[in-house]
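Look at the chain below.

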Amino acid sequence: MPLQKITLKPGVNRENTRYTNEGGWYDCDKIRFRQGTPEKIGGWASVTLNNAYLGVARSMWPWATNSSFTYLGVGTNLKYYIMSGQSYYDITPIRVATAAGDVTFAATDGFATVTITDTAHGAIPNDFVTFSGAVSLGGNITATVLNKEYQIVTVPTVNTYTITATATANASDSGNGGSAAIGTYQVNTGFAAETPVFGWGAGQWGAGTWGTTSGTTSIRVWGAQNFGEDLIYGPQGGPLYYWSVTVGSPLSTRGVALSSLGGAITLPFVSGYPVIAGLTNLFTEGTPVKLAANTGGVFPAGINSTTTYYLVNINTASLTCNLSTTPGGTALVIPTVAGSGTYYIATLVDVPATQNLMLVSDTSRFVFAFGTNDYFSTDLDPMLIRWSNQETAIDWTPAITNQAGSLRLSHGSAIVAVAQTRQEILVWTDTSLYSLQYVGPPFVWSSTLLTDNVTILSDRAWGTAAGRVFWMGTDKFYVYEGATNTLVCDLLQYIFDDVPGINTSQNQQIFAGTLEKFNEIWWFYCSALTNGDVTPTIDRYVIYNYVEKLWYYGTLARTAWIDSSVIAHFPIAADNVTKKLMFQESGTDDVSTGIAAPITAFVTSSEFDLDDGHNFSFVWRMLPDITFRGSSAASPAATLYLLPLSNSGSGYNNNTSTNSNQSVADQSSATVTRTATIPVEQFTGIVYTRIRGRQLSIKVESTALGVQWQLGAPRLDIRPDGRR
């Protein structure tokens with residue numbers, strides 16, 4: 001009979017049996033489809049070969065300054081970094097610094113463990129603290145050993161914790177550290193994975209059976225966006241911080257709390273007259289503040305650091321105002337004591353004290369906090385949205401003269417995710433999708449309920465491409481293109497139902513990334529295989545090609561992703577194994593460690609009938625059709641497998657070859673090798689086989705260095721071979 005050309009439907013489909021999906025593909029790893037045929041994906045290489053970050057990276061934000069310097073913000077569960085060139089700069093904000101002498105040290109002869117005493121330190125295991133001003137403990141634990149950054153190991157009590165010093169104490173180390181020792185604590189670290197919490201206070205009473213998990217801890221995810229050439233960032237559930245390009249030189253200068261950016265305020269105190277304050281920033285009438293004296297300064301009578309004052313009678317021309325103890329009240333008068341001094345605004349009371357998500361809008365640069373505390377409250381409202389006045393990050397006091405404001409969504413119990421599109425801001429709650437649009441004063445921003453009964457699995461489970469927004473729900477995929485629609489997915493059972501499917505206890509780790517060069521949306525998730533791990537990690541991905549409407553999948557350990565940007569023409573992803581950033585689609589191999597390693601990539605078809613599927617057939621030769629464009633190896637090769645079956649339920653034949661001495665001559669597979677590229681690409685032209693069956697599945701796989709391949713339409717030479 002004539003040669004039979006094998007042309008299969010593009011995309012991988014696992015919604016039915018291997019036989020029902022005849023004429024298609026069923027299994028794959030590290031491949032994509034281009035113009036209907038499968039090919040190996042590109043390789044990856046480390047962005048910073050000799051430098052790694054600490055923790056699990058969950059977020060990245062690229063931007064460029066007015067001077068054309070490019071930076072990449074990288075947030076992990078332990079730190080926040082600015083990456084510039086090949087280096088990471090630690091800008092993790094400071095939580096608190098002690099007074100001199102408030103920290104003391106105790107060491108034990110023969111051990112590197114040092115116990116620090118600091119009353120109500122507020123630290124947790126894995127936090128970072130930097131000591132300064134400490135003196136030697138008398139032996140090996142010198143001032144040089146103590147005065148550096150350490151990661152806290154254990155926290156035995158609310159007043160003590162331990163570190164592992166860089167030297168082992170001896171008998172001369174008696175302890176203390178001196179009266180000038182200071183401990184500077186970075187913001188508390190977060191979790192790398194969702195962790196079950198048991199016992200009293202872990203969740204709602206009666207939410208589960210006795211002794212079962214009653215809650216989970218959230219993973220640490222940082223929100224970050226540039227405000228002009230500066231950066232606003234903050235951890236979910238924490239305050240917002242500001243990193244200035246001008247102030248942040250050198251780059252390791254840490255960000256400061258957004259609420260502390262009020263600037264200087266000069267108070268000329270004259271007995272019997274109103275307080276006239278000279279400002280360095282312009283604020284809205286009625287802005288609430290708390291004050292602090294400069295180092296060594298003393299507040300005059302009637303002024304203190306605990307009272308909330310309000311800026312009133314603001315003169316925008318002279319940048320002066322009065323202080324009042326009530327909004328819109330009369331100016332405060334100093335009763336008896338004259339004096340003057342320069343102080344500063346310690347706290348802008350109306351700046352959100354906590355937030356779950358943040359965003360800087362493209363429209364007039366409003367800073368948004370989603371899931372935040374209301375005015376004059378410290379309680380987080382998970383459905384509340386607040387925004388600053390336009391073009392300012394520090395003026396959050398609503399007034400008739402500005403556009404700061406807030407609104408509360410009504411459908412759902414918490415805001416889960418936000419995404420900025422060309423014309424609107426999409427806001428997902430745990431049950432609904434809203435559109436947030438700029439309408440100008442007096443309402444400024446209005447919300448429209450787009451759809452109910454829609455879910456999203458995490459704050460990062462969405463991606464925008466081609467003017468549309470795609471996201472992963474609890475049991476399906478969605479697209480928003482002016483209306484919300486369900487994506488037809490050929491892998492729903494594989495992802496949500498099969499073993500090992502998705503690990504539903506780690507939904508917060510799920511994130512999406514775009515690869516617009518290939519018209520793809522990637523979703524990364526933890527498989528159920530990691531359920532027993534102490535710290536489950538992402539190990540799988542699923543891809544949707546939104547132009548060709550195809551699905552395929554694979555295995556890869558990534559925790560964050562950005563598409564090509566001002567940083568590089570390649571996508572950048574965070575590798576959870578090496579703790580480094582990777583240029584994706586770079587070359588053909590895995591160069592994450594600096595030494596090239598091969599990438600195993602394969603695709604396997606569904607079962608299809610040989611002839612009419614009634615009789616056995618004998619396949620005695622195959623004519624491959626493959627290209628090795630893009631390969632760096634001198635003689636790139638891939639292996640083609642023919643996997644015969646007696647019937648759709650038999651499994652692959654025990655001896656895939658008719659040759660009984662299979663260990664010597666298994667003629668069901670062959671290596672196809674390129675032999676020349678000029679004038680026409682040449683490769684192994686004919687593969688002789690000896691296989692027999694009613695159905696057949698084909699597979700192409702590469703496992704060597706420098707190989708890039710794309711499969712075409714191979715042809716089989718088939719002979720009738722009887723019914724049994």
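What follows goes from the whole chain to the details.

This is a predicted model, with residues numbered from 1 along each chain as its sequence is written. Local features need pLDDT of at least 70, side-chain atom pairs count only at pLDDT 80 or more, totals for chains, interfaces and linings use all residues, and side-chain values use heavy atoms, without hydrogens and water.

The protein chain has two helices and 60 strands (DSSP runs: helices H or I, at least four residues; strands E, at least two; numbered from the N terminus). Its C-alpha atoms fill a box of roughly 115 × 70 × 60 Å along the principal axes. Of the 724 residues, 50% are buried (under 20% relative accessible area, 1.4 Å probe, protein chains only). Take contacts (heavy atoms within 4.5 Å) between residues at least 6 apart in sequence: 62% join residues at least 24 apart.

β39 (468-472) and β40 (477-480) share four bridges. Tryptophan 471 has tyrosine 478 in β40 as its bridge partner.

The second largest pocket has a volume of about 530 Å³. A pocket is an open set of points on a 1 Å grid over the protein atoms alone, where a 1.4 Å probe fits, with protein on both sides within 12 Å along at least five of seven lines; lining residues have an atom within 4 Å of a point. The volume is the space filled by probe spheres set on the points, which are joined across faces, edges and corners. Of its 19 lining residues, Ser218, Gln236, Ile415, Val416 and Gln508 are the closest to the centre. β30 (355-360) and β34 (415-420) each give two or more residues to the lining.

Key:
Pairing = 2+ DSSP bridges.
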